[in-house]
Amino acid sequence: MNNSNSERIKAFLLDNIVVILFLGIAIFGITASGGGITGNYTVYFISFFSELIERVFRNSFLVISLMIPVIAGLGLNFGIVIGAIAAQSVILLLRYHQFYLEMSGIAEFLLALLLSLPLAILFGWLTGKLYNKVRGQEMIAGMIVSYFAAGVYNLVFLFIVGYVIEVDKLNPIIAPANLEGLAVGVRMTVDMGVMTGAIDNIIRIPFMFFIMICAITMACYIVFTQVRKFNRDRKVLLSPLCALVFITAIVVWNGLGSMNRVAAVLGFLGVAAQMCFLLYFTFRHKRENPDYTVQNKASLSFNCVLCSGMMLWAVYNIIMNTFMMRVRQAPFATALLFAVLFIFLSYIMKTKLGQDFRAVGQSQHIAEVSGINVKRTRIIATIFSTVLAAWGMVIFLQNMGTLTTYDSHRHVGFFSVAAILVGGASTSRANLRNVITGLILFHAMTIVTPDIARIFFGDTPGVAEYLRSFMVYGVIGLALGLYVWKTLKASQSQNSL
Amino acid sequence: MSTNLLSFKNITKNYSGNTVLKNVNIDIRSGEIHALVGENGAGKSTLMNILFGMPVIHSTGGFEGVMELDGKAVDIKSPFQAMDMGVGMVHQEFMLIPGFTVTENIKINREITRDTGLNKVTKKIFGSRIQTLDRPAMSADAVKALETMEIGIEEFTVVKGMPVGHMQFVEIAREIDKTNIRLLVLDEPTAVLTESEAETLIHAMRNLAKKGISIIFISHRLDEITAASDRVTVLRDGELIITKDTKDTNVIELAELMVGRGVSIDRVIADRAGSGDVILTIKDLHVAMPGERVSGVDLEVRKGEILGIGGLAGQGKLGIANGLIGLYQAKGEVVFDGKPLPLGNARNALSSGIAYVSEDRKGVGLLLEEPIELNIAFTSMQIHNKFLQSIGPFRFYHAQSIRANARQMIEDLDIRCTSALQPVGRLSGGNQQKVCVARALTQKPRLLFVSEPTRGIDIGAKKLILDLLLKLADQGMTIVMTSSELAELRSICDRIAIICEGKVAGILKPDAPAADFGLMMSGAADLVKEETTFPHVIPPDSFAVGADFGNLGTEGGAE
């Protein structure tokens, strides 16, 4: 309240220390790499952004699945591995039958989502029950139960398939028969076949167009949230409508032909229109509510600058037709799916259920005495997380193109947790902003680690991989340590004289 | 004002053979403020637990007697049932979620949801939990509840960082907001408030009473009770002493009734002649012990006396010894035996000749799995390097001397055990306490702090412990004894300091009238007659009774 500015800045830095640290490392990696192996920054940036856009959307659902358990006070749900296992089981089943059915890629993808839903709900319900029995130890319990589930999964697909359940020896996903003519277990790697890129490749748009669309969406989001906070003016609905028109126009334009300059103008107008909305509403409500413009001034202006910057960057690159236009095209359909999930989760957090998640997360005791069914709420949170993780795994695998049967699920938990922590979340606090920041920053980090490894260790083979896992576990350790330290400090200041 | 909203009829409650409530009859009229007064353990909280159907009551065999609401017998099995019947409670410790706004806290689990647009669809599919919150309507309700109390709290502030007084009002607003609320229980609501906030609260209570809501007001501040309540009930040791109209009584009478006149004081010795030298001086001591916060104690201890420290639970009497020994963060000026004693360092305090018998016998006092002899010798080994023998660079404990010391102590203190090797966890409470004292004595202290020495001990053992303390004092040891049981303080202490709200309210003679003890405990020390008190700080030339009463009475008030 009456903190001085320097104290406020100190608190801000302390709150965002992990984000700042990793931003620093990423920037250091990019500058020190000297343009990667080729030594050419043009080539380096093209590959950097191509990789980044793929990785961000590949992992988006997995990382976002961690958010609700954190809000509901369960901590970081290492148990999302179980969701991934549910998805892999369904995919293996589908791959086995695809050999005979020959569905289209998208149909198989949707069927995988549909079939993994009940399985993930069941697994999530069981995990949630377990979490209720080990209150306070959810994270370690989640980790251990993941190992257990992976063991059961291995047992089923290494042994029971083929030995107990009779399978077709000639099916490509079944391991080749041994000398006694027995075909037992699923192969180490399974090709995703038609499912590869089933959703990623529906619509792809140039990276810079995608940035432009992001700018428009973000501007629209700013207008919408800012205005809704104070006034339920129906006119505010014009803003998303307008954004939708511009985005559709850009996508359609891209599909039709190559007149990129028109798209650039469209994007510019899209963002400009949103900013006009913002000004209009600000001035209108300034008269009604003198506090209106003061609220969250810093974060509002930061967001405005960020989206204008993105828009200008995109417009410049499109009109000048720079090397950035050679970056791999962005998977627009996956992005759209992610946006839908984003809106859905924002909506959930605004409902009674979302309020209960928050209440339970902050104090189980108070929630309990207020009559909230704490156990049930926690189970629902775990189910949400497990289902999203299962779908996330389907999306992950369709992007990868191959399923490493006994390995794909293993790192899902740690990598996703590291990503959300890099975004500034902690075991007790996470929001959608943390998810997005984390996705971008963490994957930027994983891309530049080989370069950092090369600077320090030369071209030693395999060292990049070690550095990468060092980074993942380091982030988790650092974030958890910082969290414990902060809680300790808070309790000390509460009990001091 | 005459109809009874709630009647307790012949309420009796036993906890495993221990009667905590005996035949209690209380009527709460509608629209009245009914105060409930009593010492710790008088049965106030048990009565409230019965009213709210707390699980602790039903898991221990229920209670005898009848509760009637509107003249009809009711059987309340859970707090939620009580809530449904319009009975609300404001807890002593806040039931507020710090990260939520005032509105969110007031409407917790009673949020208003929208029933239009998309919500109509989602409700049909997923039920009412997936409906968005109607925040403007919630805010309007919160504002209404806050306005009833005429308190200017903004409904969109986050609770974290609010003044404690405001949190109290938010708690009350949450209860008022429940549409059917008819009876509100306020448990020590003014304990955390400043004087002006307390006045606002009393004003708000009157407003509520006018609207027909009955209030049960539990407080230890007797002056507030006389100011706020319509009728007052005094409980003592589980028995109903009296229910009176507040206008027919006064603070002094209430204090006397609360503490009880009939306490027999079996003092063995009339007066012990201490040397008069001051052995310990405490100036402006603050201790951050949760729940027993000390905020500015000035006290002097004379060589050879037994100084009693009394007061109600939560007022800070236990914090003094804990802070001096260094178990909690403390600040202040302490001089022991002419040398300043640095705070926050247990090793230092112990090695300077202070011994401490903790009120937390099983947690702090004893190593329950270890044998008696080791428990007795443990602190001396650590602090004074006794019972040790060195062989080369290693130090081993010296079994014979430990055994001999333990045998001596077992004999001296009459510890009932099978052998010195018996684990202390297997002993009875009284004998465990004796082991604690034995360990303190083994340190050969010049000053002994004993906290709650008779807690959880049967009557026979209590007598033994108290006799033991008397014997030690006769041998010249200085003892500071902290206890919740006034009777035992009065039976063996030379002076009794009463702690109220973290400060010394006053120091009384053990034979001072009961009412004076009651008044001091209730923050009304200014009404105590001067001839029964000692000054806080002993005047330099003499410590004769009545020599200096400088700042008495001003200390007891709220901060």
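The structure is a predicted model, and over all chains it holds 34 salt bridges. Among these is a pair that crosses between chains, formed by Glu111(B) and Lys352(A). Charge also gathers on the surface, in a negative patch that includes Glu199(B) and in a positive patch that includes Arg135(A).

**Salt bridge between the chains**

- Side chains of opposite charge can pair when their charged atoms come close.
- Glu111(B) and Lys352(A) meet through their side chains in a salt bridge, with an N to O distance of 3.0 Å.
- This pair runs from the loop between α4 (102-106) and α5 (118-126) of chain B, where Glu111(B) is found, to helix α13 (residues 352-362) of chain A, which holds Lys352(A).
- Glu111(B) is buried, its relative accessible area being 10%, and Lys352(A) is likewise buried, with a relative accessible area of 10%.

**Salt bridges within chain B**

- The side chains of Lys9(B) and Glu68(B) form a salt bridge of 3.2 Å, N to O.
- Because Glu68(B) lies in strand β4 (residues 64-69) and Lys9(B) in strand β1 (residues 4-15), this pair ties together parts of chain B that are 59 residues apart in sequence.
- Glu68(B) is buried at 17% relative accessible area, whereas Lys9(B) is partly exposed at 34%.
- A further salt bridge joins the side chains of Lys107(B) and Asp141(B), at 2.8 Å from N to O.
- Here too the pair links distant parts of the chain, since Lys107(B) belongs to the loop between α4 and α5 of chain B and Asp141(B) to helix α6 (residues 135-148), 34 residues apart.
- Lys107(B) is buried, with a relative accessible area of 4%, while Asp141(B) is partly exposed, with 25%.
- Through salt bridges that share partners, Lys107(B) and Asp141(B) are joined with Arg110(B) and Asp177(B) into one network.

**Charged patches on the surface**

- A patch of negative charge on the surface of chain B is made up of Glu195(B), Glu199(B), Asp223(B) and Asp526(B).
- On chain A, Lys129(A), Lys133(A), Arg135(A) and Lys375(A) form a positive surface patch.
- Arg135(A), one of these four residues, is placed in the loop between α6 (105-133) and α7 (138-163) of chain A, and its relative accessible area of 32% makes it partly exposed.

**A buried asparagine in chain A**

- Asn434(A) is part of helix α17 (residues 432-457) of chain A, and it is buried, with a relative accessible area of 8%.
- Leaving aside residues up to four places away in sequence, Asn434(A) touches Ile420(A), Gly423(A), Gly424(A), Ala425(A) and Arg429(A).

**Positive phi angles in chain B**

- Most residues other than glycine have a negative phi.
- Asp414(B), although not a glycine, has a positive phi of about 60°; this residue lies in the loop between α15 (399-413) and α16 (429-442) of chain B and is partly exposed, at 31% relative accessibility.
- Glu501(B), also a residue other than glycine, has a positive phi near 55°, and it is found in the loop between β21 (495-500) and β22 (503-508) of chain B.

Methods
Residues numbered from 1 in each chain as written. Chains lettered and ligands numbered in written order. Predicted model: local features only at pLDDT ≥ 70, side-chain atom pairs only at ≥ 80, totals over all residues. Heavy atoms only, no water. Patch = residues over 30% accessible without salt bridge, like charges linked within 9 Å, V, L, I, M, F, W, Y side chains within 5 Å. Areas by Shrake-Rupley, 256 points an atom, 1.4 Å probe, with all protein chains shown as cover. Lys, Arg positive; Asp, Glu negative; His and termini not counted. Charge placed at Lys NZ, Arg CZ, Asp CG, Glu CD. Helix = DSSP H or I, 4+ residues; strand = E, 2+ residues; numbered from the N terminus. Buried < 20%, exposed > 50% of the residue type's maximum accessible area, 1.4 Å probe, protein only. Contact = heavy atoms within 4.5 Å.
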